[in-house]
2 protein chains.
Amino acid sequence: MAGRLKPSKFEIFLNYKLWLSSVTGEGIMEEERYKLLRLIMEKGSLKAAADEMKISYRKAWGDLKKAESLLGYKLIIRQRGGRSGGQSYLTEKALKLLEAYDVLHIKMDDAVEKAYEEFKNKTKKIK
Amino acid sequence: MAGRLKPSKFEIFLNYKLWLSSVTGEGIMEEERYKLLRLIMEKGSLKAAADEMKISYRKAWGDLKKAESLLGYKLIIRQRGGRSGGQSYLTEKALKLLEAYDVLHIKMDDAVEKAYEEFKNKTKKIK
């Protein structure tokens, strides 16, 4: 039976943060905006997505507008009215951007994991 | 002759941040602490390193003490007195940690570059 090792008090963890920005350094996408877009896709509603993320509709909309102006294309289409009282959905371009970001994240996670293993091997010899 | 393309207003940049932490999430090393250790190595003085980084001697020392307590080993040796009025140097363990961190950074930079190229290829088709 496999056991589980209690992590050493002195174990070192590797953390990383990834984000997309404009030429001028303005944030286009990081974890939060990514989650917001994913939630809009799943729920078909900007309101429901903003609620789940515990941010205001106004902030969510403002963040998306900012990202759109930096990217040069629309990410979201809002449809008002109808029986459900309005829906939001992602544009084809937004879906492609999310897909590219997903691949980016997977590659980065893989790279981090490999680099971390190597780092752990090197640093465990220190003690 | 090769020309230089003016970057598009809508070009997307990829940014990343890397840091080491303890099991409990407390920061052990990020860019600033790395630079501090590098400068101590180069200058042989904690005071000179802190000055160059525009942080107080007290903060620099406190940051290093915190990292030491999280790592479980000493990073720096301070020698008081002598003609030059005291020197600081890195321990063997600190040197090995820096070396491992350097390799980690190189691997990560490579991975980011590759992932970014792929991302750019995917996203340039969006427009």
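**Close-up views of a predicted two-chain model**

A search over all chains of the whole structure returns 18 salt bridges. The model is a predicted one. The legends below take up some of these contacts, followed by other local features.

**Figure 1. Fold of chain A.** Chain A contains four helices and four strands. Read from the N terminus, its elements follow the order β-β-α-α-α-β-β-α. Chain A has 127 residues, of which 40% count as buried.

**Figure 2. Relation between chain A and chain B.** Chain A is superposed on chain B by a rotation of 180 degrees, with 0.0 Å of shift along the axis and an RMSD of 0.0 Å. The two copies are therefore related as by a two-fold rotation axis. Within chain A, the residue that comes closest to the rotation axis is Lys17(A), whose C-alpha lies at 2.6 Å.

**Figure 3. Salt bridge between the chains, Glu118(B) to Lys107(A).** The side chains of Glu118(B) and Lys107(A) form a salt bridge with an N to O distance of 3.3 Å. This pair crosses between chains: Glu118(B) belongs to helix 4 (residues 92-124) of chain B, and Lys107(A) to helix 4 of chain A. Glu118(B) is partly exposed at 29% relative accessibility. Lys107(A) is also partly exposed, with a value of 40%.

Figure 4. Lys47(A) and Asp51(A) are joined through their side chains by a salt bridge of 2.9 Å, N to O. Both residues sit in helix 2 (residues 46-52) of chain A; because they are four residues apart there, about one helical turn separates them. Lys47(A) has a relative accessible area of 45% and is partly exposed. Asp51(A), at 44% relative accessibility, is likewise partly exposed.

Figure 5. A salt bridge of 2.9 Å, N to O, links the side chains of Asp63(B) and Lys59(B). The two residues are in helix 3 (residues 57-71) of chain B, where a spacing of four residues places them about one turn of the helix apart. Asp63(B) is buried, its relative accessible area being 16%, whereas Lys59(B) is partly exposed at 39%.

**Figure 6. Salt-bridge network in chain A.** Salt bridges connect Lys65(A), Glu68(A) and Lys74(A) into a network.

**Figure 7. Negative surface patch on chain A.** Four residues make up a negative surface patch: Glu31(A), Asp109(A), Asp110(A) and Glu113(A). Helix 4 (residues 92-124) of chain A supplies the largest share of the patch, with three residues. Asp110(A) is located in helix 4 of chain A. Asp110(A) has a relative accessible area of 42% and is partly exposed.

Figure 8. Lys54(A) is not a glycine, yet its phi is positive, at about 55 degrees. The residue is part of the loop between helix 2 and helix 3 (57-71) of chain A. With 76% relative accessibility, Lys54(A) is exposed. In chain B, Lys54(B) has a positive phi near 55 degrees, again in a residue other than glycine. Lys54(B) is placed in the loop between helix 2 (46-52) and helix 3 of chain B. Lys54(B) counts as exposed, at 77% relative accessibility. Both values are over the 50% relative accessible area that defines an exposed residue, so Lys54(A) and Lys54(B) are each assigned to that class.

Figure 9. Ile76(A) is found in strand 3 (residues 76-79) of chain A. Ile76(A) has a relative accessible area of 1% and is buried. In sequence, Ile76(A) and Arg33(A) are 43 residues apart, while in space their C-alpha atoms are 12 Å apart.

Key:
Residues are numbered from 1 along each chain as its sequence is written. Chains are lettered from A and ligands numbered from 1 in the order in which they are written. This is a predicted model: local features need pLDDT of at least 70, side-chain atom pairs count only at pLDDT 80 or more; totals for chains, interfaces and linings use all residues. Side-chain values use heavy atoms; hydrogens and water are left out. Patches are made of residues with over 30% relative accessible area and no salt bridge: like charges are joined within 9 Å, nonpolar side chains (Val, Leu, Ile, Met, Phe, Trp, Tyr) within 5 Å. Accessible areas come from the Shrake-Rupley method with a 1.4 Å probe; for residues, only the protein chains shown count as cover. Lys and Arg count as positive and Asp and Glu as negative; His and the chain ends are not counted. The place of a charge is taken as NZ of Lys, CZ of Arg, CG of Asp or CD of Glu. Buried means under 20% relative accessible area, exposed over 50%, partly exposed in between (1.4 Å probe, protein chains only). Copies are superposed by least squares on the C-alpha atoms of residues with pLDDT of at least 70 in both.
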